Amino acid sequence: MPEAALQRAYRTAWPVVVATTARVTRDLDLAEDCTQDAFVRALGAWADGVPANPTGWLTTTARRIALDRLRRETALRRRLPLLVEPVVGKGAAQEAGQEAPTEPADPLRLVFTCCHPALARESQVALTLRPLCGVDTAAIAAVLLTGEAGVAARITRAKRKIASARIPFRIPAEDELPARLDAVLTVVHLLYTAGHVGSGPGLTSADLTGRAFGLARMLVRLLPGEPEPRALLGLLLLTEARAGARTDGGGELVLLDDQDRSGWDRRMIAEGLTLATAALRAGPDTGHGRFALQAAVAGLHVVATSPERTDRALIVTMYDALMGVAPSPVVALNRAAARSRVPGSDLGAVLADLDALADDPALARYPYLPAARADLLRRLGRTVEAVAAYDAALALTTNPVERRFLAGRRATVHGG
Amino acid sequence: MMARYMFLMFDSEDWYDDVDEQGMADEMRLHHDFMEAVRAAGASVVGGEALERPSTASTVRRGDDGAPMVTDGPFADTKEALGGFYVIEAADLDVALRLAAICPAGTVEVRPVLDIGDDDPVTP
């Protein structure tokens, strides 16, 4: 089945092909074009049989196309150069253009270029999805909640900045790695979250979550000494393991405590727990990383055999630690929600904490803040205020499944 | 191959009001140290000036009829105004940003200088 093999290669091999080609072209645009062309050629060439190593075939083909074009185009246009560092000891073979260079770290270099802190977060996301993963601009527009033309313009501007400000195609030095890696992991996590809570008719977008997993696995493979990529992959697995149980047979949202635990993916949970545990154990002297702590929270939820047996107090402790390493209003909100689940907790005090977050501009359009307030008010029996909070949450929620859930809860409170 | 970056340094005008002789000497020393750090990073300072306070600026623009119009004050009347600049030659943006982080100014904007394909800077 060449089509199936090609689709699989499109999802998994694109970053390798584009990054390796970028080393030859020194131009991200051209590398992207040649990668696209290589996939088009594969469509015909693989009809007679899929090559044993599809990634190798695509890389070699994209590289040949690139060398060909470079020969023809040298004088034709002024290229936007990508600042590529030579690979020590491989120069001669590369110059001769004989065999496909296999530089396993090239996709890693490219992801660090795309997620450079001198680029806006939206640009980092757009570059990671388009040139690096080959996702089309329409899908990126859906993630960034903007128009397709805006995404295309943003990618063009970002590529120009990479070239003219000379953002290097390089893995950061040891002392910069933790901070730079954090930006990359944040983008990957954002891709997963955008896929997990899609704005389409269903709850998730498998393509985006698939890309996020592909990138997370690549980071684990290429940075074996770093605990945080492992923690992120663990977090994604522990979240994805529950994806099937997040909606019932009728497509309605089911909250974690009400989910059928037998529907959770045990294989993903096992792998996720192994990764999370390894990341927590490898925690640096400065304390655990923020993805290790988030993975720990997800792990504590899935290891419990029932909602009652969940170690709520330990989850709050993990959030306290998270506030220490990576304080943010979203973490504060999650910590408050976790506190409200500890048996015998003072719900009024938790509500006061949530209200204190209401003025934070970062949460102004965040639907989960009014949703959390609504839930607390409902549990406190303050129905009028609860209804108003559900309305506020509904006004900010676009996902239809989540909207139906909130509307259902609102109706229960309103009617009762 | 090196690239050129302009470091545009922004500070509050209050600095000019409050600075005394000692403060000025300290400032000069900070800039001297900065230029040392630039050299130590394998980069070089190829230009730069400190500017008089923003309120001494005059701005000339073209009116609708094309005639020049002079106004008193800087082009962008902001709390933090342009107070000086450097032109730094560095290998890449990572080096430039590391240097900007230790550049003695409240805020530093780092702008790549447009490469006009000429090895020599524009000379009159």
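## Contact between the chains

In this predicted model, 7 residues of chain A are in contact with 6 residues of chain B. Contact means that the C-beta atoms of two residues, placed from the backbone, lie within 7 Å. On the chain A side, the touching residues divide into 5 nonpolar, 1 polar and 1 charged. Here Ala, Val, Leu, Ile, Met, Phe, Trp, Tyr, Cys and Pro count as nonpolar, Asp, Glu, Lys and Arg as charged, and the others, Gly among them, as polar.

## Conventions

Residues are numbered from 1 along each chain as its sequence is written, and chains are lettered from A and ligands numbered from 1 in the order in which they are written. Local features need pLDDT of at least 70, side-chain atom pairs count only at pLDDT 80 or more, and totals for chains, interfaces and linings use all residues.

Chain A is divided into domain 1 (2-81), domain 2 (105-169 + 176-224), domain 3 (227-247 + 260-327) and domain 4 (350-416). These bounds come from an automatic or database domain assignment. The C-alpha centres of domain 1 and domain 3 of chain A lie 38 Å apart.

Helix 3 of chain A covers residues 28-45. Helices (H or I, at least four residues) and strands (E, at least two) are DSSP runs, numbered from the N terminus. The 18 residues of helix 3 should span 26 Å at 1.5 Å a residue, and the end C-alpha atoms are 25 Å apart, which agrees. The expected span is 1.5 Å times one less than the number of residues. Buried residues of this helix include Leu28(A), Cys34(A) and Ala42(A); buried means that 20 or more other C-beta atoms, placed from the backbone, lie within 10 Å of a residue's own. The buried residues pack against helices 1, 2, 4, 7 and 9 of chain A.

## Chain B: the sheet

In chain B, 4 strands form an open antiparallel sheet in the order 2-5-1-6. Strand 2 (44-50) and strand 6 (107-112) of chain B stand at the edges with a single partner strand each, so one side of each has no neighbour in the sheet. Neighbouring strands are turned by 20° against each other on average, direction ignored. Axes are lines fitted to C-alpha atoms, for helices over the stretch in contact, and angles run from 0 to 180 degrees between N-to-C directions.

Strands pair if DSSP finds at least two bridges between them. Strands 2 and 5 of chain B pair over 6 bridges, with Gly47(B) partnered by Val87(B). Strands 1 and 5 of chain B are joined by 10 bridges, and Phe7(B) has Tyr86(B) as its partner. Helix 3 (residues 93-101) of chain B lies across strands 1, 5 and 6, at about 140° to strand 5.

Definitions and conventions. A residue is buried if 20 or more other C-beta atoms lie within 10 Å of its own, exposed if 12 or fewer, and partly exposed in between; C-beta atoms are placed from the backbone.
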